[in-house]
Amino acid sequence: MTIQIVEAWRKNDPKLEAEAIAFWDRHQINPAGTTPQARAKELAAVAYDNGEVVALSTINVELFVQLRQKFAFIREAVAPSYRRNKVGGDLLIATRDIAERYSREHPEEKIAGAAAVYQVPGVGTYGSGRTSKLALVGYTDRNEQVRVMWFDHVQVPPNAPKY
Amino acid sequence: MTTTYVEAWRKSDPKLEADAIRAWSMTGALPKSDAPEIRAKQLALVAYVNGELAGLSTLNVRLYEPLRQKFAFMRGFVMPDYRMHEVGRDMMFETLQMIERWAFENQDEKIAGMMAVVQIPGVGREPTGKKIKATLIGYVNGNQQLRLTWFDHFRVPPNMSDF
């Protein structure tokens, strides 16, 4: 198994977007609260095994009220037959790095870090992830871990506005 | 300037406690609602410079509901003459080292990490400290940063039920 991860963030690549929509359709994954076409615009990275899409990630930049900054919220979908290996973890790290590089190159967007909600039971054993560096900072109403990693280049304003 | 850190955590050392009470009393550092004799029981480290008390830290272990674990909440106090030096930052680092080691050796107490509230305006521009690795996880009392360092040895239970 040789996994290849291809960057898609803000590339508007019609081929990658079409592959993502086909992947969601094939695995009956319906993006919540949006259409596949709209979600495809948030595509961050696509993981292939021998030319076949086996996982993908999206990024939605939004204000994280608890931290008073905008974060890149990462979502992942992994094909069922690949959920027992480390594709999901590798994709998360690749996506986090994509978001960090983008944030550094686009300081005007003020993206302070990467965030993820861990929806897979049993994932997230360490308070601060060994490789992902995502630290547990809270739980959702559905008992899912909320994790963040602040980007190294970000400085917190002395009086962060309260939202 | 050579600073010596003396470990006081759970030692009930009368001399260290008396030194701490004297320092609080001389500076009026404790609020009236806080009895010095009780706070002295939370003493973690005392910092001396050339035999003179330069600062001290206390720890209060309690449940932090948003993260569903017990944490050691650290408070630091630096004598006025030493506030322009790095006694405060170094003391936080030394306190973290000490309590992480203690929590590892006393895992039945299930202390997941150390927390601190940054009360000095302008301190804490880096959202994850370079030396102490304390991550900004929220705000309290208006605009004071809440910082957390998860302990390396601690494992987050897989299914945390709601409190």
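**Close-up 1. B:Gln42 in its loop.** In this predicted model, B:Gln42 sits in the loop that joins helix 2 (36-40) to strand 2 (43-49) of chain B; helices (H or I, at least four residues) and strands (E, at least two) are DSSP runs numbered from the N terminus. B:Gln42 has a relative accessibility of 18% and so counts as buried, where buried means under 20% relative accessible area, exposed over 50% and partly exposed in between (1.4 Å probe, protein chains only). Setting aside neighbours within four places in sequence, the contacts of B:Gln42 are B:Trp9, B:Ser57, B:Thr58, B:Leu59, B:Asn60 and B:Arg75, a contact being heavy atoms within 4.5 Å.

**Close-up 2. Helix 3 of chain A and its cover.** Helix 3 (residues 87-105) of chain A has 19 residues and spans 27 Å from first C-alpha to last, close to the 27 Å expected at 1.5 Å a residue; the expected span is 1.5 Å times one less than the number of residues. Among its buried residues are A:Leu91, A:Leu92, A:Thr95, A:Ile98, A:Ala99 and A:Tyr102. An α-helix has 3.6 residues a turn, so residues three or four places apart point the same way. The cover over the buried residues of helix 3 includes strand 3 (52-64), strand 4 (69-78) and strand 7 (145-150) of chain A.

**Close-up 3. Aromatic pairs around A:Phe71.** Over all chains, the whole structure holds nine aromatic pairs: rings of Phe, Tyr and Trp (its six-membered ring) with centres within 6.5 Å, called stacked with planes under 30 degrees apart, edge-to-face over 60 and tilted for the rest. A:Phe64 and A:Phe71 have ring centres 5.8 Å apart and planes at 90°, so this pair is edge-to-face. A:Phe71 also pairs edge-to-face with A:Trp150, at 5.0 Å centre to centre and 75° between the planes. Because A:Phe71 belongs to strand 4 and A:Trp150 to strand 7 of chain A, their pair ties together parts 79 residues apart in sequence. A:Phe71 counts as buried at 0% relative accessibility, as does A:Trp150 at 3%.

**Close-up 4. An aromatic cluster in chain B.** Here, ring pairs join B:Tyr64, B:Phe71, B:Phe73, B:Trp150 and B:Phe154 into a cluster.

**Notes for all views.** Residues are numbered from 1 along each chain as its sequence is written, and chains are lettered from A, with ligands numbered from 1, in the order in which they are written. Local features need pLDDT of at least 70, side-chain atom pairs count only at pLDDT 80 or more, totals for chains, interfaces and linings use all residues, and side-chain values use heavy atoms, leaving out hydrogens and water.
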